[in-house]
Amino acid sequence: MNYQDIRIVFMGTPEFAVASLDALVQSGCNVVGVVTAPDKPAGRGMKLNESAVKKYAVEKQLPLLQPEKLRNPQFLEALRAWKADVQIVVAFRMLPEMVWNMPPMGTINVHGSLLPQYRGAAPINWAVINGEKETGVTTFKLQQDIDTGNILLQEHMPIGENETAGEVHDRMKELGAYTIVKTLQELAAGTLQEQPQPDVLNGEPLLHAPKLFTETGNINWDKDVDSIHNLIRGLSPFPGAYTMLQGKLCKIYRSSKEHATHNLQPGTFETDNKTFLKFACSNGFIHVLDLQLEGKKRMQVADFLRGFRG
């Protein structure tokens, strides 16, 4: 079977998913339909906002469905009418069994971690927060429990010591796109061996990637330099790690580390009002390089310090 003969329905919403959809289209895959989120009102005028995947699908004149509810009978009928051999899901939402079980070749998910590690909503962020040196992309078959289906393919990628989650995301979307096309090619050729996911790795419990909340970003200055630096990287650019600076909320997007012995109270800041702003933590200092003070725009530290009196 030629991979270009496989009838594909693609499901995804954000920009991360567009790279995979585009790779499928560019490699001559037969994308017979696209499912994405409904348009959402946003901004001051509450203007309807289209998802990145919708914009791409409209531009490429791909048939499109935007269901509010995935169990809606009209949606299920329209989905069935596309006669997909396989469904591909990238950054979408939880699918009911009646949807993921529909195509004969099943539903393949592209996940931003080396499963079984970092199952959950925010795998890129948590890998960076936990100081991982490596991550990757996994394609797997969907089944009932989230992110637990049989693994099809994995591709690895390094994480730089100062790389932010946003930078990892931008590289990973390209790796995900490459991996989904490769998965389809090997599926069509019959060379893929499905691997069940273990529930423990090397005798250790698995690491998870739960949804991020605002309080996830609250910096605890009693922690060590590496932990705080990794939290800042892992939450940049969104939702952002934060602290209080002279009574105002301050988001920190980029930092550098200074290991040092001092007797300052953790959370105390020092500055020369020109080039550096640093916060004391348990075993050194975090130098703030890129920040946003409440009510101000995001800026580099030298620009910020021009108008700041510490």
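Does Asp226 count as buried, partly exposed or exposed? Asp226 has a relative accessibility of 29%, so it counts as partly exposed; buried means under 20% relative accessible area, exposed over 50%, and partly exposed in between (1.4 Å probe, protein chains only).

This is a predicted model, in which local features need pLDDT of at least 70 and side-chain atom pairs count only at pLDDT 80 or more, while totals for chains, interfaces and linings use all residues. Residues are numbered from 1 along each chain as its sequence is written, and side-chain values use heavy atoms, with hydrogens and water left out.

**Overall picture**

- The protein has eight helices and 17 strands; helices (H or I, at least four residues) and strands (E, at least two) are DSSP runs, numbered from the N terminus.
- Its C-alpha trace spans about 65 × 55 × 30 Å along the principal axes.
- Of the 310 residues in the protein, 50% are buried.
- Among contacts with a separation of 6 or more, 64% join residues 24 or more positions apart; contact means heavy atoms within 4.5 Å.

**Helix α3**

- Helix α3 covers residues 73–81, and its buried residues are Phe75, Leu76 and Leu79.
- Seen down the axis of α3, these buried residues fall within an arc of 100 degrees, so they line one face of the helix; the arc is that of the directions from the helix axis to the C-beta atoms.
- An α-helix has 3.6 residues a turn, so residues three or four places apart point the same way.
- Pro73, Gln74, Glu77 and Ala81 are exposed on the face of α3 turned away from its buried side.
- The cover over the buried residues of α3 includes β1 (7–12), β2 (30–35), β5 (64–65), β6 (86–90) and α4 (97–100).
- At the N-terminal end, Asn72 caps α3, with a side-chain oxygen 2.8 Å from the backbone nitrogen of Gln74.

**Helix α2**

- In helix α2 (residues 52–59), the buried residues are Val53, Lys54, Tyr56 and Ala57.
- The buried residues of α2 fall within an arc of 165 degrees when seen down its axis, so they line one face of the helix.
- They pack against β1, α1 (15–26), β2 and β5.
- Just after α2, Gln61 has a positive phi of about 55 degrees.

**Asp226**

- Asp226 belongs to helix α7 (residues 225–234).
- Apart from neighbours within four places in sequence, Asp226 is in contact with Lys257 and His259.
- Asp226 and His259 are 33 residues apart in sequence, and their C-alpha atoms are 9.0 Å apart in space.
- The side chains of Asp226 and His259 make a polar contact (3.4 Å); a polar contact is a pair of N or O atoms within 3.5 Å, where within protein one must be able to donate a hydrogen and the other to accept it, and residues adjacent in sequence count only if both atoms are side-chain atoms.

**Asn109**

- Asn109 lies in strand β7 (residues 107–111).
- Its relative accessibility is 10%, so Asn109 counts as buried.
- A polar atom of the Asn109 side chain lies 3.2 Å from the backbone oxygen of Val89.
- Leaving aside neighbours within four places in sequence, the residues in contact with Asn109 include Val89, Thr138, Phe140 and Asp147.
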